[in-house]
Amino acid sequence: MYINELFGSIPPQVGLLTKLTYLDLSFNQLSGKIPREIGNLMKLEVLHLLSNELNGSIPDEIGRLCLLNELALYLNQLNGSLPSSLGNLSNLARLYIYNNSFSGPIPLEMGNLTNLEEIYMDTNFLTGPIPPTFGKLTKLTHLHVYNNELIGSIPLELGNLKLLRQLALHYNNLTGSIPSTLGNLTELTLLYLYGNMLSDNIPDELGNLRAMIDLELSMNQLSGLVPSSLGNMTDLEYLSLNKNQLSGSIPGFLGDLMNLVVLQLDRNRFTGIIPDNLCRGGSLRNLSLGWNNLTGFIPKSLRNCTRLVNLILHHNQLLGRWPVEGFSKTSLSTISLSNNKFEGPLPIPSPSTNYYNIANNKIVGKISSSICKATNLSFLILSNNSLDGSLPECLANLSIGLSVLNLQRNSLSGTIPRTFSRRSNLRTLDLSENQFEGTLPQSLVNCTRLEILDFGNNKIEDKFPTWLGKLPKLKILILRSNNFKGLLDFPRVAHLFPQLHILDLSNNDFVGPLPANLIEKFQGMMNGQNAHEPQDKSLYMRQEVGFGTWFYENSINVIMKGREIQLERILTIFTTIDLSLNSFEGNIPSVIGNLHSLIGLNLSHNHLMGSIPSTLGNLTNLEWLDLSSNKLSGRVPRELGDLSFLGYLNLSENQLIGLIPQDKQLSTFMSDSFRGNVGLCGTSLQNKCRGDDQPPPPPQSFFQENSTREHGNGFDRKVVGIGYASRIVIGISIVYILCETGRPRWLVRRVRRMERRIELMNKPKQKAIKFHVGQ
């Protein structure tokens with residue numbers, strides 16, 4: 001009865017079918033628990049309940065099915081611990097329980113299932129160590145327990161499984177070294193240990209695995225040299241050692257692996273030159289050597305890699321001119337050469353190239369219009385070089401296929417191309433930090449998929465481009481440090497900038513009042529996400545490159561807490577407004593208080609006047625607020641004390657008066673946050689107030705529970721007041737610092753696990769470990 005539209009629960013009366021030997025209810029919509037009565041089917045040899053909506057735990061009674069040969073429960077919602085009674089299924093040969101929510105340890109009793117040939121327990125929440133009793137399962141050919149939360153070391157006893165062909169333990173929390181006993185598994189063709197915390201050297205004994213086809217040890221803490229014994233794996237096609245701490249030079253014996261298709265050695269500590277024989281076998285398609293300390297020139301022999309599709313050499317110290325001859329006619333789809341010391345004119349990619357990144361090098365000269373012959377380009381990243389001259393007009397037409405065009409930090413000049421196509425696929429356009437002049441081309445309104453538009457630090461002279469508000473997906477608009485001028489006057493239309501998260505118009509010549517009728521339309525800053533758009537599953541703004549699980553992640557510069565910071569990755573919940581260094585005047589609109597998701601607000605260095613609106617106290621996610629160097633008057637609103645995330649406050653150089661409230665968060669800021677306001681008084685300024693402004697004496701407990709915290713220029717912060725600032729530890733700036741500098745492993749693993757589970761539930765299993773019952 002499999003592949004039907006059955007729903008409801010499995011009736012307990014199924015236990016009356018005592019002569020049944022085969023039961024298959026797969027690919028239906030069955031829900032509820034597996035009935036205990038199923039344990040009455042003593043003659044059952046095959047039980048398939050896969051791909052339903054079953055929940056609850058596996059009943060203990062299933063251990064009574066002594067003749068059971070095959071048990072398939074995968075792709076359900078089963079949970080709870082695995083029953084120890086599974087160890088009674090002495091005839092069981094195949095166990096498939098992956099893609100559920102099982103938790104707890106793997107029962108030691110499973111070591112009694114000496115007839116087991118295949119175990120698929122992956123993608124659950126299993127904890128504890130891998131039982132050493134698995135070493136008794138000598139008939140085992142497939143052992144897959146990846147994507148769980150297993151701990152401890154890999155048992156030495158696994159070396160007893162002489163018939164094992166596939167061992168997949170990746171994405172767990174395994175520690176210790178790779179046991180040398182795995183070298184006994186001479187039938188092994190697939191070994192996946194990546195995404196753990198394994199350490200020490202790669203054992204020489206792995207070289208005994210001459211049948212190996214796919215060896216993936218990446219994302220661990222392995223160190224030392226790559227053992228020369230791996231050169232014995234003459235059938236090897238996939239070798240992934242990336243994201244470890246391996247050192248020494250890249251071994252030349254890798255060029256003797258004639259069948260090698262994928263070689264990933266990036267994010268290690270390799271030094272020296274790239275061997276000139278890596279393409280000797282002619283089969284190599286993916287070569288990834290990025291994030292090492294490689295030096296020297298690109299070997300000309302790489303031109304022999306006629307099948308090479310993806311070439312990743314970024315973040316090394318490679319130098320010289322890129323050997324253009326031979327590469328412009330290759331089938332390379334991905335070329336990533338960024339963050340090296342390449343020099344000379346811009347190499348033109350081939351028509352097959354989809355991703356081309358040569359940022360942060362020493363490339364000089366003009367961008368030739370022949371680059372538009374690379375008609376398959378989706379990502380063109382040439383930022384931070386010394387390119388000059390004007391942009392070829394054809395790049396606007398090339399945007400039909402381009403998704404990312406990043407030319408930031410060059411010396412490009414002239415006007416921006418005027419003819420962006422209605423069929424444009426452009427999502428990121430970054431021309432910042434160049435010398436572009438003229439006005440913005442109105443044809444940009446044709447780029448309806450645009451999410452990031454950065455023209456900062458150029459010489460553009462124009463009015464504010466109101467028409468950009470029609471772009472339905474625009475999230476980031478940066479026009480800072482140009483010559484934009486005039487009023488921010490907006491038509492009364494229903495929707496403008498519906499998804500905008502970051503707006504930076506600082507250091508221009510805008511005048512007049514702040515546009516309340518625009519601010520009230522920023523739906524993306526009110527709720528963090530447009531209600532009409534699907535929720536973003538990623539933490540960061542990024543685009544899939546289409547090669548494995550590799551993403552292009554956008555980056556921008558922002559003024560954060562008074563300092564310019566480069567965000568190498570942009571959180572999807574990051575929202576800021578920077579209108580500083582203009583000539584805005586009038587009052588601060590109270591409607592700003594509706595932007596509940598706002599994290600940063602900078603209105604400094606304008607001519608704003610009137611009082612600080614108390615509605616700013618509604619911005620409960622605000623981490624920095626800069627209103628300095630204006631003409632603001634009146635008192636400091638007590639409501640600012642309710643902003644428990646606020647870590648930077650600058651109200652200096654205004655005309656504020658009266659007592660600085662000592663409530664909650666406001667009590668944590670020192671004099672630099674308030675200097676230059678001659679009418680202000682209070683503890684922070686260490687001057688006494690007069691008359692009605694004299695503060696009442698605080699309760700004794702206040703001094704016992706509070707201590708000095710950060711002021712406007714960044715002194716060390718301490719927790720202030722019970723309950724007032726405890727949530728600051730999850731503020732956006734803290735999360736950013738943790739992810740981008742310290743990278744605590746528990747946080748990184750949790751983030752990756754969330755993303756992996758989404759991907760695994762929406763994608764088929766990898767080719768090497770795909771399994772279907774009946775094949």
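These notebook entries cover the nonpolar cores and the cysteines of a predicted model.

**Entry 1: the main core**

I began with the largest nonpolar core, which has 179 residues. I looked up which members touch the most other members, and they are Leu 429, Phe 455, Leu 477, Phe 497 and Phe 522. Next I checked the elements that give two or more residues to this core: helix 1 (394–398), helix 2 (516–519) and helix 3 (523–527).

I took Phe 522 and listed what it touches, leaving out residues up to four places away in sequence. The list is Phe 497, Leu 500, Leu 503, Ile 577 and Leu 595.

**Entry 2: disulfides**

How many disulfides does the structure hold? I found 3. Numbered in sequence order, the bonded cysteines pair as 1-2, 3-4, 5-6.

Cys 279 is joined to Cys 305, with an S to S distance of 1.1 Å. The torsion about their S-S bond is about 85°, so I noted this disulfide as right-handed. The pair links distant parts of the chain, 26 residues apart. Cys 279 sits in the loop between strand 23 (269–272) and strand 24 (286–288), and Cys 305 in the loop between strand 25 (293–296) and strand 26 (310–312). Both Cys 279 and Cys 305 are buried.

For Cys 372 and Cys 394 I read sulfur atoms 2.0 Å apart. Their torsion is about 80°, so this disulfide is right-handed. It also links distant parts of the chain, 22 residues apart, from Cys 372 in the loop between strand 31 (362–366) and strand 32 (379–381) to Cys 394 in helix 1. Are these two cysteines buried or exposed? Cys 372 counts as buried because its relative accessibility is 15%, while Cys 394, at 22%, counts as partly exposed.

Cys 681 and Cys 689 form a disulfide with sulfur atoms 2.0 Å apart. With 110° about the S-S bond, this link is right-handed. Cys 681 is buried, with a relative accessible area of 6%, and Cys 689 is buried with 7%.

**Entry 3: two further cysteines**

I then looked up Cys 66 and Cys 447. Cys 66 has 37% relative accessibility and counts as partly exposed. Cys 447 has 0% and counts as buried.

Terms used
Residues are numbered from 1 along each chain as its sequence is written. This is a predicted model: local features need pLDDT of at least 70, side-chain atom pairs count only at pLDDT 80 or more; totals for chains, interfaces and linings use all residues. Side-chain values use heavy atoms; hydrogens and water are left out. A nonpolar core is a set of buried Ala, Val, Leu, Ile, Met, Phe, Trp, Tyr and Cys residues joined through side-chain atoms within 4.5 Å. Buried means under 20% relative accessible area, exposed over 50%, partly exposed in between (1.4 Å probe, protein chains only). Helices (H or I, at least four residues) and strands (E, at least two) are DSSP runs, numbered from the N terminus. Contact means heavy atoms within 4.5 Å. A disulfide is a pair of cysteine sulfur atoms within 2.5 Å.
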